[in-house]
Each structure stands twice: as C-alpha cells, then as structure tokens.
Amino acid sequence: YFYQHGIAVNCKHTPMHVDSATFNRLMDFVDQFPHYFIGCNAALPLIGGSVLAHDHYQGGGETLPLQTAKIAIALKHEKYPDVEVGVCDWFGTAVRVTGKNRDSVAAVSEIIRKGWVEYGDRERGIIPYDENGIHSAISPTVVKAERGYEMTIILRNNITSEQYPDGVFHAHPEFHVIKKESIGLIEAQGLFILPGRLEKQLKEVEECLVNGCGLPKELSEFSMICEETRERCPEHPTAEQASEAMREELASVCERILQNTAVFKTHRETEEFMKGLGFENV
C-alpha cells in the first residue's frame, strides 16, 4: 500500500484487540525500529481491519498525513506533567499524546481509550454499546520523534442507523461510488486505498468532460462526481485539465469521508470530551 508497508502479527492466535498493554507493544516496536510508524485498527467490524480474528498491527516507512497534522487545541493532565496532549487539526477525530516517558504516555493514552469506549451521547449519535455489542473503539498509532513518543489516537464508532445502515460514522452513501469499504487505520490517517475499478471508470468520466457529453447509463452513479469535477474545470477542458480536476475532486471526497467518520464534528466538541476525562487547557 505504501513504502515498506509491513504487518506485525501476534505469534499466538488471539482475536484483534486494543487494551492498555497495546500502547506499550506499539512503543516496543518503534524502540526497535525507530524509522517506522506502527499502529492498529479498531477491533470492530465495519471500521476495523479485514482480519479481526487475529491480533496484528501494521506500519511502515511512510509518513502519513495525520502524522504531520498540527495541534488545534493544546491540553494537559495534572497527574502527568511530562506529557503533552492535544486535539489534532484533522478531518476525523484524533488526539495526540507526546512524551519521552513511556509509562506516562501509556497511562495518558489509556485514560483516553477507557474514557472513549464508555462515552455516550445520543444527541450526537454516539452509542458505546447496546444489545448488539460494543460500538466504540480506538485506532492508536505511534512514531518516535525528537520530542519522544508521539501516540496519535483516533476515536471510532461503528453504530448503524436506518438512515446509515453501513455506519453513522462511515462514508455516507453519496460517496460509496468512490469508497464503500471500511475506512481503516491507513485511510483514517489520510492515505486512501481506493478500488482498482476507479482507474477505468474515472478515466471514462474525464473523457465525457473533455468531449462535452453526458455520462453513459453505466456511469450514472458518478453524476455527483462528474458535476463537481466539471465545476473545477475550464469551459472546454483538455485531457490534462480534466485529469487534474478529477484528482482534486477525489481529494475533496476523501476529506469529506473522513469528516463522516468524525465522532465529534468540531475541535471544540473533542476538547469538551477530553475535559470530561480530566484534561485542561494549557
């Protein structure tokens, strides 16, 4: 999927899970391989990895967009003054825990994990568990930098509804023509693995834009994509201009999908959640 993409597999056959020990295992990995990042999917259907039956992490030599996202709101926890915490300036809902003390980073990360899996807010559609099981989980990822361990924690929820049977915090139906599959750890960090079918389909949409004709019936589901791409083009686009406009449209769709996955739609809402866990503004 990207530069030196790797999977770290548990030697024991055990279901995928994320608990307090996970943070230390992730830091163990970057201690041994400081030039890689490592993370793991939320251990839930719809939002997790394709293999939930076996414990595994994934990482590699790539720097993903979320890893470079700045902090929108800086926070701290009085019990752990050696750790910096912040709400990430990101399309999804993510917080970052940074520090050189492994035990402190793991402890603060566990406060967030435990707080999130128990958090509920029906007005926002956040239901942590019901008769169908658990719905809230986290996707943590870590890199080792000059400031210490940078543990980024993405908050996820896989609740469904009548309006959104594939997931309230999943790509909404208007974007399924681009990506209907799970928005896993890599996509949640800003690198989308898109279906191979799109290479041919989107090229045909681009040709329609260049030729000034309507979409054929078999491409009718791309009508929104086509119209939005047309608005990005000059009146009579060349093939290169249509291709560039399509790339911009895809980036916009991926941003909007990440916004769909956000459990809190603003940084202030995430800040409110964090303050409920004992964090304070810096």
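His170 is in contact (heavy atoms within 4.5 Å) with His176, Lys180, Glu181, Ser182, Ile183, Asn260 and Thr261, leaving aside its neighbours within four places in sequence. The model is predicted, and local features need pLDDT of at least 70, side-chain atom pairs count only at pLDDT 80 or more, and totals for chains, interfaces and linings use all residues. Residues are numbered from 1 along each chain as its sequence is written, and side-chain values use heavy atoms, with hydrogens and water left out.

**Two residues and their surroundings**

- His170 lies in the loop between β10 and α3 (185-188), where helices (H or I, at least four residues) and strands (E, at least two) are DSSP runs numbered from the N terminus.
- With a relative accessible area of 5%, His170 is buried; buried means under 20% relative accessible area, exposed over 50%, and partly exposed in between, for a 1.4 Å probe and protein chains only.
- Between His170 and Arg156 there are 9.5 Å in space, C-alpha to C-alpha, while the two are 14 residues apart in sequence.
- Ile134, found in strand β8 (residues 133-134), counts as exposed at 56% relative accessibility.
- Not counting residues up to four places away in sequence, Ile134 touches Leu44, Pro128, Tyr129 and Asn158, and the C-alpha atoms of Ile134 and Asn158 are 8.7 Å apart although the residues are 24 apart in sequence.

- Strand β6 (residues 94-99) is largely enclosed by the rest of the structure, because six of its six residues are buried.
- Both faces of β6 are covered, with Ala94, Arg96 and Thr98 buried on one side and Val95, Val97 and Gly99 buried on the other.
- Strand β5 (residues 84-88) pairs with β6 in the antiparallel sense over four bridges, where two strands pair if DSSP finds at least two bridges between them.
- Five residues lie between β5 and β6, which form a hairpin, and Val85 has Val97 as its bridge partner in β6.
- The pairing of β6 with β10 is also antiparallel and runs over six bridges, with Ile154 in β10 as the bridge partner of Ala94.

**The cavity**

- The structure holds one cavity of 30 Å³ or more, a cavity being a set of points on a 1 Å grid over the protein atoms alone where a 1.4 Å probe fits but cannot get out.
- The largest cavity has a volume of about 40 Å³, the volume being the space filled by probe spheres set on the points, with grid points joined across faces, edges and corners.
- Lining residues have an atom within 4 Å of a point, and those of the largest cavity are Gln67, Arg96, Thr141, Val142, Val143, Glu150 and Thr152.
- The elements that give two or more residues to this lining are β9 (136-145) and β10 (148-157), and β9 gives the most, with three residues.
- The lining divides into two nonpolar, three polar and two charged residues, where Ala, Val, Leu, Ile, Met, Phe, Trp, Tyr, Cys and Pro count as nonpolar, Asp, Glu, Lys and Arg as charged, and the others, Gly among them, as polar.

**Cysteines**

- With a disulfide taken as a pair of cysteine sulfur atoms within 2.5 Å, the count comes to zero disulfides.
- Cys88 is in no disulfide, and the nearest cysteine sulfur, that of Cys40, is 16 Å away; Cys88 counts as buried at 1% relative accessibility.
- The sulfur of Cys226 is too far for a bond from the closest cysteine sulfur, in Cys208, because the distance is 6.5 Å; Cys226 is buried, with a relative accessible area of 2%.

How values were computed. On a 1 Å grid over the protein atoms alone, a cavity is a set of points where a 1.4 Å probe fits but cannot get out, and a pocket is an open set with protein on both sides within 12 Å along at least five of seven lines; lining residues have an atom within 4 Å of a point.
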